[in-house]
Amino acid sequence: MPKVLVCDPIDQAGIDILSQVAQVDVKTGLPVEELVKVVPEYDALMIRSGTRVTAEIIEAGVQLKIIGRAGVGVDNVDVPAATRKGIIVVNSPEGNTIAAAEHALALMLSLSRHIPDANQSVKNGKWERKKFVGTEVYKKTLGIVGLGKIGSHVAAAAKAMGMKLIAFDPFISAERADQLGCRLVDMDVLMQEADYITLHIPKTPETTNLINAKSLAKMKPTARIINCARGGIIDEAALAEALKNGQIGGAALDVYANEPLGESPLTELGKEAILTPHLGASTTEAQVNVAVDVAEQIRDVLLGLPARSAVNIPGLHPDALEQLRPYLQLAETLGNLVSQLVGDRVESLNIHLQGELANNQSQPIVIAALKGLLSRALRERVNYVNASIEAQERGIRVIETRDASIRDYRGSLLLQAKGPSEEHDVTGTLLGDGEIRITTVDGFPINVPPNQHMLFTRHRDMPGIIGKIGSLLGSFNVNIASMQVGRQIVRGDAVMVLTIDDPLPEGILEEILKVPGIRDANTVML
Ligand SMILES: NC(=O)c1ccc[n+]([C@@H]2O[C@H](COP(=O)([O-])OP(=O)(O)OC[C@H]3O[C@@H](n4cnc5c(N)ncnc54)[C@H](O)[C@@H]3O)[C@@H](O)[C@H]2O)c1
Ligand SMILES: O=C(O)[C@H](O)COP(=O)(O)O
């Protein structure tokens, strides 16, 4: 049974899903050196933001197949190191969107009405109504930095509260911003015009210290800033200074450059600063969402199925993935088959998406074909994560074409592989029930399902040849499950495809090649 290590507090709903297919150990708060020691025995890790999965941990994780982040941000995982080792990294891109957006809004309103300090004052036995006079957000300008999932939800709610919206996000269109009721502006204008600024961007080299002494100096003296995205986007020392000097009106932070925050000039500030301990995703609903979302993906990957939100393989919407899943299996099977027919190193692979398949997103299909192609050499070392890199490193030329007009089947996939001495092609399709059919081999029409053990021959179409192969296999005690011949012209060249119950015994292939009229023979294991 595979083993999953849960390193951070995860909702029980996720653990229940994992327990159906794996032994689940929950060990939270392990220091790095401890994690390095225990990780070799695990097939999967499940984490939140509390665990840093370093290159050292990934290197030690010799069995690791997947790292599941029950949340959005994967900045605590060394994703390039995981990719190099073929480890899938998955997250839950939408599970805590609402929770984070609502937390940002809660912080904005708390800043406006001094709620945390007012609460503390009453609890201290005081009644300081004058001290806590607030301001309204109605008709104020909210500057949203990052109009993605969370930023968009914040925009919708703020609009409903009567706020004017401006946004900075170089990666979204003016139409999208328009739909959300936002005016797109550049960062300088946003800093100058906004009464409230809320950050909803990832932490990247470009966004690190995006808010610094220089940009804070552009804010109105009454303006307030909220960071519920990632620590390090705001220069904390510069922010503390701006708040202390009354240069800006206030700040509310949920995330910090170093977590837990510990000693910081921010903790010495008064009601102008509100600090929460990374609570954006901490709602009952979000925790169930992310735990279930990520546990299901870990379960699927451990069962050999693709993950729907992998960050280091092409992302596909779950519905699109569901639709494509049988085609990925088809591509992988054909890739594996054609590589065995070539027998040698494959130098180039042409991938033709035909019929309705031509209208699909091709990247996952290409990756699946490469995974199948390389599985002969790399076995379980190759997967959806590293197949492209491995193919590139082996110098395999990959060409992709599509032709929606080919209508032999609803959708079919043709792979043509070229090695130093041989060239082969195979086509396959899916039947209505999703079953795979191999429909051509080297251009000859056939109709066979893939089988674990198969024999392919190329021969001259002449009387007696099929019988001879049948008797030869019989004399070696090989049971034939099915046999088919594909030919284009009578007494011309033909292919024969046999599915057999067991692997071919040693020496039989040489005997087959001696049969008059047989030009070539290959055994294939799928
Ligand atoms: N505090 C929490 O507990 C919590 C919870 C969930 C998410 N988050 C964080 O919130 C952030 C946003 O999450 P999301 O789900 O909305 O992500 P998202 O990917 O849906 O949106 C991010 C947006 O930022 C934009 N962007 C990227 N680089 C930018 C740049 N340099 N300048 C301006 N815009 C830029 C992108 O175009 C995108 O629209 C992430 O950092 C995530 O980790 C925090
Ligand atoms: O990126 C995220 O999803 C949030 O920062 C939440 O982090 P958490 O799972 O540690 O609460």
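A disulfide is a pair of cysteine sulfur atoms within 2.5 Å.

## Basis of the model

This is a predicted model, in which local features need pLDDT of at least 70 and side-chain atom pairs count only at pLDDT 80 or more, while totals for chains, interfaces and linings use all residues. Residues are numbered from 1 along each chain as its sequence is written, chains are lettered from A and ligands numbered from 1 in the order in which they are written, and side-chain values use heavy atoms, with hydrogens and water left out.

## Cysteines

The structure holds 0 disulfides. C182 takes part in none, and the nearest cysteine sulfur, that of C228, is 17 Å away. Because the sulfur of C228 is 17 Å from that of C182, its closest cysteine sulfur, the two are too far apart for a bond.

Both residues are classed by relative accessible area, where buried means under 20%, exposed over 50%, and partly exposed in between (1.4 Å probe, protein chains only). C182 is buried at 5%, and C228 also counts as buried, at 10%.

## Overall form

The chain has 17 helices and 22 strands. These are DSSP runs numbered from the N terminus, with helices (H or I) of at least four residues and strands (E) of at least two. Of the 526 residues of the chain, 51% count as buried.

The C-alpha trace spans about 105 × 50 × 35 Å along its principal axes. The radius of gyration of the chain is 30 Å, whereas a compact globule of 526 residues would have a value near 24 Å. This radius is taken over C-alpha atoms, and the globule rule is 2.2 Å times the number of residues to the power 0.38.

A residue is near a molecule if one of its heavy atoms lies within 4 Å of it. There are 26 residues around ligand 1, of which K149, I150, D169, I201 and D254 come nearest. By class, this shell has 14 nonpolar, 8 polar and 4 charged residues. Ala, Val, Leu, Ile, Met, Phe, Trp, Tyr, Cys and Pro count as nonpolar, Asp, Glu, Lys and Arg as charged, and the others, Gly among them, as polar.

Polar contacts are pairs of N or O atoms within 3.5 Å; within protein, one must be able to donate a hydrogen and the other to accept it, and residues adjacent in sequence count only if both atoms are side-chain atoms. An oxygen atom of ligand 1 lies 2.9 Å from a polar backbone atom of I150. A backbone N or O atom of G280 is 3.4 Å from an oxygen atom of ligand 1, and a side-chain N or O atom of R230 is 3.5 Å from an oxygen atom of ligand 1. Taken alone, ligand 1 exposes 860 Å², of which the protein buries 86%. Accessible areas come from the Shrake-Rupley method with a 1.4 Å probe; for residues, only the protein chains shown count as cover.

The residues around ligand 2 include R48, S49, N96, R230 and H278. Its shell divides into 3 nonpolar, 5 polar and 3 charged residues.

Oxygen atoms of ligand 2 meet several side chains. A polar side-chain atom of R230 lies 2.6 Å from an oxygen atom of ligand 2, an N or O atom in the side chain of R48 is at 2.8 Å from one, and a polar side-chain atom of N96 is at 2.9 Å from one. On its own, ligand 2 has 320 Å² of accessible area, and the protein covers 91% of that.

## A buried threonine

T429 belongs to strand β16 (residues 423–430). T429 is buried, with a relative accessible area of 1%. The side chain of T429 reaches the backbone oxygen of G411 at 2.6 Å.
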